[in-house]
Amino acid sequence: MKIWSFFAKLILNNKWTWISIITAATIFMGYHATKIHISNEFNRSIPTDNSKFVEYQKFKQKFGEDGNALVIGLKEDTKKLFSTTYFNDYQQWMADLKKIKGIESVLGVGNSITVIYDTASADYKVKPIFAAHYASQESLDSAKDLFMSLPFYGDRLYNTQTHATLVAVKIRKELMNTDERKRIVAEIKTVSDAFSAKHNTELHYSGLPYIRTQIAKKLAAEGTLFTILSLLLTAIILYLFFRSILATFFSLIVVLVGVIFTLGSIHLMGYQVTILTALVPTLIVVIGIPNCIYLINKYHLEYAHLGDRRLALEGVVEKMGIVTLFTNLTAAIGFFVFIFTKSALLTEFGWIASINILVIFVLSLILIPILFSFIAPPHKEDTNYLEMGFLQRIIKWLEHIVLHKRKAIYLTSVIVGLIGIAGMFRLHSLAYIVDDLPQKDPIYLDLKWFENQFHGIMPFEVIIDAHKKNRATNPKMFAKIEELETALQQYPEFSPTLSITEGLKFATQAYFGGDPENYRLPEGFEQAFVYDPLIKKKDKNTKGANMLTAFLDSNKQTARVSLTMKDVGSQKLPQLLDSIRPQVNAIFDTSKYTVTLTGASVIFLEGSKFIINGLRESLIYAFITIIFCMLWLFRSMRILLVSLLPNILPMVMTAGIMGWMGIPLKPSTVLIFSISLGIAIDVTIRFLVNYKQELPFHGGHIKPTVIRTIQETGVSIIYTSLVLFAGFFIFVVSDFGGTKALGLLTSLTLVFSMIANLTLLPALLLWVDKRVTKKAEKEEQKA
C-alpha cells in the first residue's frame, strides 16, 4: 500500500506536469496515427519457416505470382456478344483496361490467339483471332467460328454451355502488396462499369486482388464505425449510471486518448492495420471505460466515507491501483501470449493489444484523479446512483440466493457445465475465403457465379520436379501429366487444367490445319514436328519456343499444372488433397519425381489452421500465466481454485452454444475465448481484492465479508459488464459473419461471467467458510 500511496501523491502533487506530458505524448501519437495504412499482404498468418509456405515461395520464384489476376465475368448470348457494335466496344474496353498503369496483361476472348504451323520454317506462329475493330459482321463471324473451333478455350475463357465469358486482368506482382493495388482495382472497376452501363451488361468481379481490396475497404470502414459506436454506447451507459455529464466526459477523454495511442503505436512499431489490429481501438474503449467506472465509483464511495476530496482521490489510487493493475494485466496477458506464435498477424495483434491495455491503465489511473481534482466534490445527487432502487433490489436478491439458494446455484452450474461440455463435442473447424461475408454480399455472390460458370477462381498448382535437367520435356513425362490432368478433371471442384500438355495439344491441332479432332498429344512421327520447334530449339527467342515457358522452369526439370478451384473450405480441402495424393503417387514414381500440391488455396488453408492452432495454444498459455498471477496476488490455493470455476464455466457454456448452434471454430471465433478469459477474470479479481480488503474489518469472518463485498462491488460489476456487453455487442452490425459471432458470443460470455462471479463465486467462498468452520469445530472437540 505504501507504494500506491506514493503514486497517489506523485500524481496529485504534479497535476500540470502529468497533463503536459500526456498532452505532448498524445500529439506525438496522433501524428503517427495519421500515418497508418491498411495491410495489403495476404499470407502473413503463416510463419516463414512453415513447410507449405516454403514450397509456395519456391513455386513463385520459379513461375511467378499465381494470385495476381482480377477476373471479370459476363454472360451474353452469342448473337449479342459477337455483334459488331457490342464486340467493338468490348475490344475498346479491353484496350482501356490494358492502359491502366500497373496492369501486366489482359486476357479475354477479344485478344485470344490461334497457332498456325508454318511448313516453310517448320515452326509455329502465333496470330490474333480477332481484330481490334470490325466494320462488317461477316468478318467478325469468321473470327468467331475460328475461336469456337479451338477446344483450348472451352471452359477457360468461354463457357460453351451457358455462354459466360471472362476477362483476366493481371496486376504487376510487385504492386500486389502496396496501396497501388487499391488504385488499380478502383480504375478497373470504373472502366468496366462504364462498359457495363452502356450495354446494360451485368459484370461479375472476383479474384484475389479484388476480394482482398474490397474486404480491406470494408475493414477500414467498420473499424471507424465500431470505434464511434462503442464511444456512443458507452457514453450513454456512463451517463445513465452516473447521471453526470462531467463524469461521462472525463471517461471519454481517457478512452479517446487511449485510442489515439493505439493507432499511433501501430505506425510507430512499423505495423499496418490488419483484420485483427483493426479491433484494438474498440477493445481499448470497452476495457478503458470499466477502468473509469471503477475508479469514479471508488472515488464517490471514498468521499461519502471521508468527506474530503483530496483524501478520497488519494484513496482511489491507493486502493484501486493494485486492483486495476492486475485486472488490466490479466487482460493484457490474454493478448500478450499471441506473440509466442510464429504468425506475424497474431504477433502484431498481441503486441498492440497488450501494450495499449497497459497504456489505458496508466492513463485511467493518472487522468481520472487529476480531472476530478479540478471540479467540485460530488454532491448528493452525484452519488444517488449508489442507491438506485432497482440496483439495490438486484443486490438484495443476489445476497438472498447466495445465502439461501446455494444448492440451486451449484445444481444450475453443473447442468450448464454438462450442457456446455456436450456441445463442445460438436465443435468443428471450418473456414472459407469469404465465409465471413453474408451470402447476399456482392463479393460472395460473384465468387459463387465464377464457381458455377468456371469452377472457381482460387489458384491451385501441381508442381512436378523430375530431378534431372530436361527430363520434364520427355514424351513419357507428357503422357504422365495428361494422365494426372484426366484424374483431376474427375473432381467437380476443379477447373480445366492449363499445362505444357495443353499447349502441345493446341500445337498438334495447328499442325493438322486446325482440325478440332486433333486436339491431342502428338503420336509417332508427329512428335518430331511438334516437339522440335517448341521444345528442342535452342533459340529461345522464337515464338514457338516461348509458347510454353510459363509451364516449365529454365532447366526444363520442373513442370507446372495450373488450375483454379472452388472455395471448398478448410474442412473439405484437406480431404480433397488426401484423395488426390494417392493418384499422384500412382502416376509419378516417388523415387524419380517430387510432386508438390500448392497455390494460394493451399496457403489459405494452412493459414487458417495455423491461426486456429496458435489461438488454442495461446489460450492455454494465457490460462497458465493468469493462474500464476492469481497465486501471487492472493497467496492461496483455495482462493485460486474458487476463482477459476466462475471463469471456466462461462467459456464452457459459450463453447457449448457454438457446438449446439453449429458455429464453427475459425480465427474470429477462437479469438472469443482469449478475449473473454482476459477480461472476465477482471471481475473476479475486483471481487476477491475487495473481499480480501474487507476481511480484516469483519474479524476474518467470511460470511459478512462476502455480503459486504457483494454490496460494494455488485453495482459497479453490473455496470461495467453492461459496458463490456454493449462494447462487444456492436460487432453484430458487421458485414463479416465471424466478427458478428465474435461480438455476440463474447458479449454473452461476459454476461455469463458477471452472473457467475456474483453468484457462484460468493457461494463457493461461503462453502469454503463452512468447510473451515467444520474443521475448526472438530479440532476443538478433539482438544
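Which helix holds S251? S251 sits in helix α9, residues 245-268, and we'll come back to it below. This is a predicted model, in which local features need pLDDT of at least 70, side-chain atom pairs count only at pLDDT 80 or more, and totals for chains, interfaces and linings use all residues. Residues are numbered from 1 along each chain as its sequence is written, and side-chain values use heavy atoms, with hydrogens and water left out.

**The chain overall**

- The protein chain has 25 helices and nine strands; these are DSSP runs numbered from the N terminus, with helices being H or I of at least four residues and strands being E of at least two.
- Its C-alpha trace spans about 115 × 60 × 40 Å along the principal axes.
- Of the 783 residues, 56% are buried (buried is under 20% relative accessible area, exposed is over 50%, and partly exposed is in between, using a 1.4 Å probe and protein chains only).
- Among contacts with a separation of 6 or more, 79% join residues 24 or more positions apart (a contact means heavy atoms within 4.5 Å).

- S251 counts as buried because its relative accessibility is 0%.
- A polar atom of the S251 side chain lies 2.9 Å from the backbone oxygen of A247 (a polar contact is a pair of N or O atoms within 3.5 Å; within protein, one must be able to donate a hydrogen and the other to accept it, and residues adjacent in sequence count only if both atoms are side-chain atoms).
- Leaving out residues up to four places away in sequence, S251 touches L238, I289, C292 and I296.
- T330 belongs to helix α11 and is likewise buried, given its 0% relative accessibility.
- The T330 side chain has a polar atom 2.9 Å from the backbone oxygen of T327.
- Beyond residues up to four places away in sequence, T330 touches I626, G678, I681, D682 and I685.

**Helix α15**

- Helix α15 covers residues 442-454, which makes 13 residues, and it reaches 18 Å from its first C-alpha to its last, close to the 18 Å expected at 1.5 Å a residue (the expected span is 1.5 Å times one less than the number of residues).
- Its buried residues are I443, Y444, D446, L447, W449, F450, E451, Q453 and F454.
- The elements covering those buried residues include β1 (69-75), β5 (164-171), β6 (204-206), α8 (208-242) and β8 (558-565).
- At the start of α15, a side-chain oxygen of D441 comes to within 2.9 Å of the backbone nitrogen of I443.
- Just after α15 comes H455, with a positive phi of about 65°.

**Positive phi in loops**

- Most residues other than glycine have a negative phi.
- H455, in the loop between α15 and β7 (458-465), is partly exposed, with a relative accessible area of 26%.
- A122 is not a glycine either, yet has a positive phi of about 55°.
- The loop holding A122 runs between β3 (113-118) and β4 (123-128), and A122 is partly exposed at a relative accessible area of 33%.

**The second largest cavity**

- Searching the whole structure turns up five cavities of 30 Å³ or more (on a 1 Å grid over the protein atoms alone, a cavity is a set of points where a 1.4 Å probe fits but cannot get out, and lining residues have an atom within 4 Å of a point).
- By type, the lining has five nonpolar, five polar and three charged residues (Ala, Val, Leu, Ile, Met, Phe, Trp, Tyr, Cys and Pro are nonpolar, Asp, Glu, Lys and Arg are charged, and the others, Gly among them, are polar).

- K666, in the loop between α22 (637-661) and α23, counts as buried at 9% relative accessibility.
- V732 lies in the loop between α24 and α25 (737-782) and is partly exposed, with a relative accessible area of 25%.
- Apart from neighbours within four places in sequence, V732 is in contact with K740, G743 and L744.

Terms used:
On a 1 Å grid over the protein atoms alone, a cavity is a set of points where a 1.4 Å probe fits but cannot get out, and a pocket is an open set with protein on both sides within 12 Å along at least five of seven lines; lining residues have an atom within 4 Å of a point. Grid points are joined across faces, edges and corners, and a volume is the space filled by probe spheres set on the points.
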